[in-house]
Amino acid sequence: MRRGLPALRGLLGGGSAGRPLRLPAPSGPQPPAEGSGGGQLNVLPSFGFLFDIDGVLVRGKTPIPAAKTAFQKLVNSQGQFLVPVVFVTNAGNCLRQKKADQLSHILGVPISQDQVMMSHSPLRMFKRYHEKCVLVSGQGPLLDIAQDLGFSQPITIETLREKYPLLDVVDHDRTPDVSYPSAVELPKIEAVVLFGEPVRWETNLQLIIDVLLTSGYPGNPYHHENYPHIPVLACNMDLMWVAEAQSPRFGHGTFMVCLENIYKKITGKDLKYEALMGKPSELTYQYAEYLIRTQAAERQWKQPIQTLYAVGDNLMTDVYGANLYNRYLEEKNSRKGSKTQIQAKVAGGRGSAALSQDDEIDNSWENELASAAATHCRSVLVCTGVYNPHTEAPLDTKESITETVFHGHRDFSFDPGLVEPDHIVPDVDAAVDLIFHLENFAPN
Ligand SMILES: [Mg+2]
């Protein structure tokens, strides 16, 4: 499963194929990779941090030692942040407050839920679905999460399974003992929201396919002509993630691969997403920047936050996403004044419709997202998670980098330029040192 990473590794040395990757020294300020030079020290930030969590700050439930050291540098003696900081995780199986509490405990500094962005956070903006009956898939307190995001009629796979007991029969030991199907009272399901990987994959795969092939009435027979199917909104496309095990584990992206392939096999058509969110989608970074801007305004830091530094451990998620957003910012700034388009899906994409300002996203959000002030988003790769710098480099980079090892989502095209990090550092503490140095930042 990991063959993609060694194949891509040759890119990261920034030089000829096969050259061993040179990492910066494990601690202390790193030499700037781009012109910042000497000059006056800055006491107020014109930059912000987007920190990934898994593989950067923790592995599973175990803190990464460098994280605590790094965060001592980011707060003043009252525990207030010296720089805007947002945690951008593709995890989605808990509420923001719970994640904030976990982070406060791990990092030893107070973290508010407004600093935490889960993969599902942008669903707040999809108001047109909030009053509709939506099926939610994932694990954890799904109904609480959905309601917190604004959905008033979410139903779980478990509820669906209870209402339609004849549908879920993969596990013979759980096959319901029913002679008559129960009276069904559920309204039409009008959208499917995929929050994260479920526990019983076979149950979710079966019931989601049932809902899609019956236009929201899973007790009915299949109608293949129901295409395009009812909207599917998906969070967190990560194929894999790291926990305590030596090798990465299946992520929600793996579940989505299963669902997409089953749908295609049965119908001959592509499963379509109304929106894909979580890193690396642009929508996620737009929302994260909005949170950064809000923090800066609350602290009355007058100067605009111009550079975002996205610190992560995953080439396909953190580096690809930051570089993609950087392209978006550069493009946006090069055609300033023209109407901003908000795209939920951007790179490549079969049938990936852009969401225009007039369409999906509520008006108040349009203005917030369109008023982005950042000019750059820099990708910083750490070596404490999915990315492993010690894997042997391929001999011929060009030949080994092909789409066959692309771990990104189906609707995001492979682009070698997007998986090349701006900086590679050993850990998050080295990342903070490097960025303070690049920014000439010396808080009081
Ligand atoms: Mg990660």
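**Entry 1: the chain as a whole.** I noted first that this is a predicted model, so I checked confidence before anything else. The protein chain has an average pLDDT of 82, and 78% of the residues score at least 70. Residues 1–37 stay under 50, and I found 79 contacts beyond four places in sequence for them in the model. The pLDDT is also below 50 over residues 339–359, a stretch with 48 contacts beyond near neighbours in sequence. I will read both stretches with care.

I then looked up the overall make-up. The protein chain holds 12 helices and 15 strands. Of its 444 residues, 45% count as buried. Taking contacts between residues at least 6 apart in sequence, I see that 77% join residues at least 24 apart.

**Entry 2: helix H3.** I picked H3, which runs over residues 96–107. Its 12 residues reach 16 Å from the first C-alpha to the last, close to the 16 Å expected at 1.5 Å a residue. Which residues of H3 are buried? I list Arg96, Lys99, Leu103 and Leu107. Viewed down the axis of H3, these buried residues fall within an arc of 65°, so they line one face of the helix.

What covers the buried residues of H3? The cover includes helix H2 (65–74), strand E4 (85–88) and strand E5 (116–117). Just after H3, I noticed that glycine 108 has a positive phi of about 75°.

**Entry 3: H2 and H12.** On the H2 side the contact is made by Ala66, Ala67, Thr69, Ala70, Lys73 and Leu74, and on the H12 side by Val428, Asp429 and Val432.

**Entry 4: phenylalanine 81.** This residue sits in the loop between H2 and E4. Is phenylalanine 81 buried or exposed? I count it as buried, because it has 21 C-beta neighbours inside 10 Å and the cut-off is 20 or more. Leaving aside neighbours within four places in sequence, phenylalanine 81 is in contact with Leu74 and Val75. I also checked proline 110: it is 29 residues from phenylalanine 81 in sequence, with the two C-alpha atoms 9.1 Å apart.

**Entry 5: backbone details.** Most residues other than glycine have a negative phi, and most peptide bonds are trans. I went looking for exceptions.

- The peptide bond from tyrosine 227 to proline 228 is cis, with omega near 0°; proline 228 lies in the loop between helix H6 (201–213) and strand E9 (232–235).
- The bond from lysine 279 to proline 280 is cis, with omega near 10°; I found proline 280 in the loop between strand E12 (275–277) and helix H8 (282–298).
- Serine 215 has a positive phi, near 50°. It belongs to the loop between H6 and E9, and is partly exposed, with 18 other C-beta atoms within 10 Å.
- Glutamine 300 has a positive phi, near 60°. It falls in the loop between H8 and strand E13 (307–312), and with 7 C-beta neighbours inside 10 Å it counts as exposed.

Conventions. Residues numbered from 1 in each chain as written. Predicted model: local features only at pLDDT ≥ 70, side-chain atom pairs only at ≥ 80, totals over all residues. Helix = DSSP H or I, 4+ residues; strand = E, 2+ residues; numbered from the N terminus. Expected span 1.5 Å × (residues − 1). Buried ≥ 20, exposed ≤ 12 C-beta atoms within 10 Å, placed from the backbone. Arc of directions from axis to C-beta. Contact = placed C-beta atoms within 7 Å. pLDDT = per-residue confidence, 0-100.
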